[in-house]
Amino acid sequence: MQLELTAEQDLVIATVRRFVREEIAPLEFDLDPDADELAAADKERLITKTKAMGLYGLDIPPAFGGPDIDLVTRTLLAVEMAQHRAGLYAPCYGTFGGAGLAQLFEATEEQKEKYLYPTLRGEKRGFFGLSEPSGGSDPARAIQTRAVRDGDDWIINGGKLWISGADKAQYGLVFARTANDKGRNGVTCFIVDTDTPGFAVRRIVHTLRSAHYATELSFDDMRVPASNILGELNKGFAIANDRLTKQRIPYAAGCIGVAIKAQEMALEYVPQRETFGAPLSSRQSIQWMLVDNEIDIKQSLWITLEAAAKADSGENFRKQAAMAKLVATEAGGRVVDRCMQMFGGLGVAKDLPFERWFREMRIRRIGEGPSEVQRHVIARELLGSSLR
Amino acid sequence: MSIRMHKPWLGIAEAKGLLRGNLGVYQLADEHQQVLYIGFAGGKSLFGLKGEVGHALQRLPQACLVRWEVTSAYLTRYKELLMLHRHDFGELPDNNEPLPLGVLRPAG
C-alpha cells in the first residue's frame, strides 16, 4: 500500500478541509445542536461551490458523470467531511451530493431511465429496504417479507424496520423472499414505487439520534411488476451483501473524522484550562488520554485505508472492511468519551458537539452490522470452510 | 403502537405552573382542541419547554390549551407530529411554517 499521498490527493483533501471549516462549521452556530439539515438557500449556495470544485456527486461512477476518484482518496475525503457537529450522519449536510442507490448502476436500461437518472439529477430519492423486525445482521435468514408471483406481477406482503429516508422517497429497493429456500438463495430485490397501493411508512423510529431518523414500513398486498426486479430472481442477497460490505468503509471513515475533530478540540483546550494552579495538559492522566486517542485514531485510519486500497485493487476486501468498521466505530466511541471527560461539564452540554457525537457514535457500533457480526465476518474469512 | 400525542390538554394557567426547562415537543390549541401550532424546545431554547411555550403564547394569544411531551428526540418527534397532523387534516397547523417533510401513513 502506498503510504505517501500524491500532490493531487493533498490538494483535494486541503480543499475539502477548508470547505468544512470555512463554509460548513460556521453555519452550525445558528442551527439547533441536533440539526441534520441546512436552510434550503444555504444548501443550494454550497452545492454551487462543490460543483465548481468538481467534487459534486463523489460516489457517482465516471461513466455516469461523476468524478473519477479512487476509494482511498474517497475515504480520506469522508474523514474530512465528518469533521463538524453533524458530520457523523450528515457529512457536510449532503452538499457533496450522493450517488443515490449504487445498486441501480447495474439496473436494466429501462430501470435506469425511470429511477437512476432522475435520482442523479436530484429529481427522485430512493431508500434501501433490507432490515426487518426479525433482524438486520443476518438478512439471508431474517427476511420474512414475501413476494408471490401473480401473472406479470408480484404481490409483496410484510414490513421493514430501520429504513432511512423512506418517508421522503419516490421509490425504494425492497428485499423479499421469493422461494422456499430459507437462506440466501431465495431473496429477490424489487424496485418499489412509494405511491404503490399497499405501501405505507408507519412511523418514525426514535433513537439516541434526534435527527436523521429511521422509519418502519408495511407492505399490504403491494403489487409490483416483474420488470421491477433488480438483477435476477432469487439472487437479491448478493446485491444486499455487496452493499453491506462496501458501506463499511465510509461508515468507518466518518467515525475517524469525528474522532480527529474531537481530539483537535481537546488538544486546543487542555493547555488553556487550569485546575489547582496548573493547566490540564500538565496532568499525566490527561496526557495519557490524548495519547490513547492518538493511537486509536491512527490505528483506525490505517486499517480503514488498507480496506479501501484492497477494494481499489479489485481483490476481496470483506475481511478488511469488517475490521475497519469494527475498529473505527469502537475507537471513535472511546475517543469521544475521553474528550468529554477532559472537557468536564462542558463536555456533556449541548453547547459543544461531544454529547451529540457520543450518542451518535454509540449507534455506530450497531448500525451496518454490530461489532459482533464484524468479528463473525472476520472469523469466517480467517477460518474459511472450517468454520461452521 | 400509537404515535399520536395523548397527553391531556391543560389550560394555560395550570400549564405554566407545571412546565419546566426540559427538551421536548408541544402543541397549542384553541378551546375546541383544534391544534394551532406544533413546536419544540431544542438545545438552543432558553428555559426549554417553559420558555418556548411562553414565547409561542405571546405570538398566539388565541391559544388556550397546551400539552407537551418531554423528550430528547425532540427533532424527530417534532417532524413526526407535523407529518401526523398533515396526514389527519391534509395540511400543517395554520401557524406552522412550511417545512420539507416526509409522508407518514400511521396504522390506526
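This is a predicted model: local features need pLDDT of at least 70, side-chain atom pairs count only at pLDDT 80 or more; totals for chains, interfaces and linings use all residues.
Gly129(A) sits opposite Val174(A), a residue of S4(A).

How enclosed is strand S4 (residues 171–177) of chain A? 7 of its 7 residues are buried, so the strand is largely enclosed by the rest of the structure. In a regular strand, side chains alternate between the two faces of the sheet. For S4(A), both faces are covered. Tyr171(A), Leu173(A), Phe175(A) and Arg177(A) are buried on one side, and Gly172(A), Val174(A) and Ala176(A) are buried on the other.

## Helix packing around H6 of chain A

Helix H6 (residues 236–269) of chain A packs against helix H3 (residues 71–81) of chain A at about 40°, their axes being 7 Å apart. Because of that angle, H3(A) counts as oblique to H6(A). The crossing of H3(A) over H6(A) is right-handed. On the H3(A) side, the contact is made by Leu71(A), Thr75(A), Ala78(A), Val79(A), Glu80(A) and Met81(A). H6(A) answers with Ile249(A), Pro250(A), Ala253(A), Gly254(A), Ile256(A), Gly257(A) and Ile260(A). By class, the contact comes to 9 nonpolar, 3 polar and 1 charged.

## Gly347 of chain A

Gly347(A) is part of helix H9 (residues 345–348) of chain A. Is Gly347(A) buried or exposed? Gly347(A) is buried, because 23 other C-beta atoms lie within 10 Å, and 20 or more is what it takes to be called buried.

Setting aside neighbours within four places in sequence, Gly347(A) touches Cys339(A), Met340(A), Gln341(A), Leu352(A) and Phe354(A). As for Gly257(A), 90 residues away along the chain, its C-alpha atom is 18 Å from that of Gly347(A).

## The sheet of chain B

Over in chain B, 4 strands make an open, antiparallel sheet in the order S1-S4-S2-S3. Strand S1 (10–11) and strand S3 (35–41) of chain B are at the edges, each pairing on one side only. Inside that order, strand S2 (residues 24–29) of chain B and strand S4 (residues 65–70) of chain B run antiparallel, joined by 6 bridges. Gly24(B), for instance, has Val70(B) as its bridge partner in S4(B).

Helix H2 (residues 48–59) of chain B packs on this sheet and touches S2, S3 and S4 of chain B, with its direction at about 145° to that of S3(B). Helix H3 (residues 74–89) of chain B packs on the sheet too, touching S2, S3 and S4 of chain B, and its direction makes about 165° with that of S3(B).

## Where the chains meet

What does each chain bring to the contact? Chain A supplies 15 residues and chain B supplies 17 residues. The side of chain A that touches chain B holds 6 nonpolar, 2 polar and 7 charged residues.

Methods. Residues are numbered from 1 along each chain as its sequence is written. Chains are lettered from A and ligands numbered from 1 in the order in which they are written. Helices (H or I, at least four residues) and strands (E, at least two) are DSSP runs, numbered from the N terminus. A residue is buried if 20 or more other C-beta atoms lie within 10 Å of its own, exposed if 12 or fewer, and partly exposed in between; C-beta atoms are placed from the backbone. Two residues are in contact if their C-beta atoms, placed from the backbone, lie within 7 Å. Ala, Val, Leu, Ile, Met, Phe, Trp, Tyr, Cys and Pro count as nonpolar, Asp, Glu, Lys and Arg as charged, and the others, Gly among them, as polar. Axes are lines fitted to C-alpha atoms, for helices over the stretch in contact, and angles run from 0 to 180 degrees between N-to-C directions. Angles under 35 degrees count as roughly parallel, over 145 as roughly antiparallel, 65 to 115 as roughly perpendicular and the rest as oblique. A crossing is left-handed if the near helix is turned anticlockwise from the far one by less than a right angle, and right-handed if clockwise. Two strands pair if DSSP finds at least two bridges between them.
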